[in-house]
Amino acid sequence: MTDIHTLAGAYALYATDELERTRFERHLAECPSCAAEVAELSETMAALSDVTAEAPPPGLRAAVLARSAATPQAPRAGQRPAFRLAGLRSRRLVAAAATFIVLGGAGVAGYQIASHSAHSNGTQASAENKQIAAVLTAPDARLHSATATDGGHVTVVSSRSLDEAVAVIARLPSPGPNHTYQLWLISQGNPRSVGVLAAGSTAATELLSGVRGAQAIGVSREPAGGSATPTQPLVAQLSLT
Amino acid sequence: MAPEPERTLDRPQQPAQPDLDEILHSVAAGDHDAFATLYDAIAPRVFGLIRRIVRDPALAEEVTQDALLEVWRTAHRFDEERGSAVGWILAIAHHRAVDRVRAEQAATDRERRTGTASIAFDEVIAEVTVRLEHQAVRRCLQALTAIQREAIMLAYYGGLTYRDVAERLGAALPAVKTRMRDGLIRLRDCLGVTLG
């Protein structure tokens, strides 16, 4: 039993300073029995957590789910596959994983809402990014998600109080030459254009304003440059009510 | 998984927990539905723990969001060989809450270096202890010496380092380290926590 081993309790309680923590982690890497002990000791404290459990505030669920929907997952280290094939049990899960990969790609990487203060970079974020973050973290943020008719996903996070929504479009099939996708806010059955993707684009993140009175958000395939009203059936429609 | 003999005695009404290890693996694959399921299963424990550490409900809400986002982002790092999903998630929650308390404490210290004990740990510990009164784990905590119990509580719920604990209890550093470890081992054995 080395002297450093006596730190196992303090380490499991997160009660060392950072230097000691780093040193102890090096020790753990070469001492499997120490690692097992630490794991059991921190598990022991976790076992007390149902004693202190309490109902979280009502808005927390929507806020957490909205932020996760817009936050790419951290890349895996090393050569591991982008997602665990063994965990994929249904087509729905495959679709979810596809969304996650697209969300992790360059298209929306700029909109990553960092979970750590150390990572958040408020000064560099553009005004629109800040606005998107505000929608995603609004107490009344709601998450809506739909699979488009020919594949791809549309996820919308809306906040009634901010009168705004964020639409994340991912992995739509190519709109074809000289065509594009267009977003619509639908109020009383009337579509109003709220954004036209770049010609040929199959993914985007759009901030939408004035959503309060709208019942739905739709996406349609249109000639390049967009149309005044949808000229083709919507490829995706999400109810906001 | 932790065997349940002590803990289930007092709450036979508790519904069966979904397999959180399995759900966390789905979360790691980017499954948003699985993350919603995970939230429902774990949020009360995460929020309750964080609120006891940071104390302010609004701050607790913010830290809970950050902790759960970290769970979402880094779910692939969960390794069931090294503990349960609950243990992994609550360790993240605990670390983020303690980080916040320490950062605020450091800021306060910079502003006015007026000594110690600006945070009322005693209230937190009293509150936790009262809740424990009604639980089977009380027996296990009572099996600890007073100083083991206090060292663990001050560190875990008060966010103190073992050096702070030593200062507060007027004990030597090696003694505090030993008490934390011995106390946790005794608690582990009493609760029957094992891995694998």
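Modeller: First, a definition: angles under 35 degrees count as roughly parallel, over 145 as roughly antiparallel, 65 to 115 as roughly perpendicular and the rest as oblique. This is a predicted model, where local features need pLDDT of at least 70, side-chain atom pairs count only at pLDDT 80 or more, and totals for chains, interfaces and linings use all residues. Residues are numbered from 1 along each chain as its sequence is written, while chains are lettered from A and ligands numbered from 1 in the order in which they are written.

Biologist: How do H9(B) and H10(B) lie to each other: roughly parallel or roughly perpendicular?

Modeller: Their axes, lines fitted to C-alpha atoms over the stretch in contact, are 9 Å apart. The angle, on a scale from 0 to 180 degrees between N-to-C directions, is about 110 degrees. H9(B) and H10(B) are therefore roughly perpendicular.

Biologist: Which residues of H10(B) make the contact?

Modeller: Contact means C-beta atoms, placed from the backbone, within 7 Å. H9(B) brings B:Tyr162, B:Arg163, B:Val165, B:Ala166 and B:Leu169. H10(B) answers with B:Leu173, B:Val176, B:Lys177 and B:Met180.

Biologist: Which helix gives the most to the side of chain B that touches chain A?

Modeller: In all, 67 residues of chain B are in contact with 54 residues of chain A. Several helices (DSSP runs of H or I, at least four residues, numbered from the N terminus) each supply at least two residues of that side, among them H2 (20-28) and H3 (32-54) of chain B. With 13 residues, the top giver is H3(B).

Key:
Contact = placed C-beta atoms within 7 Å.
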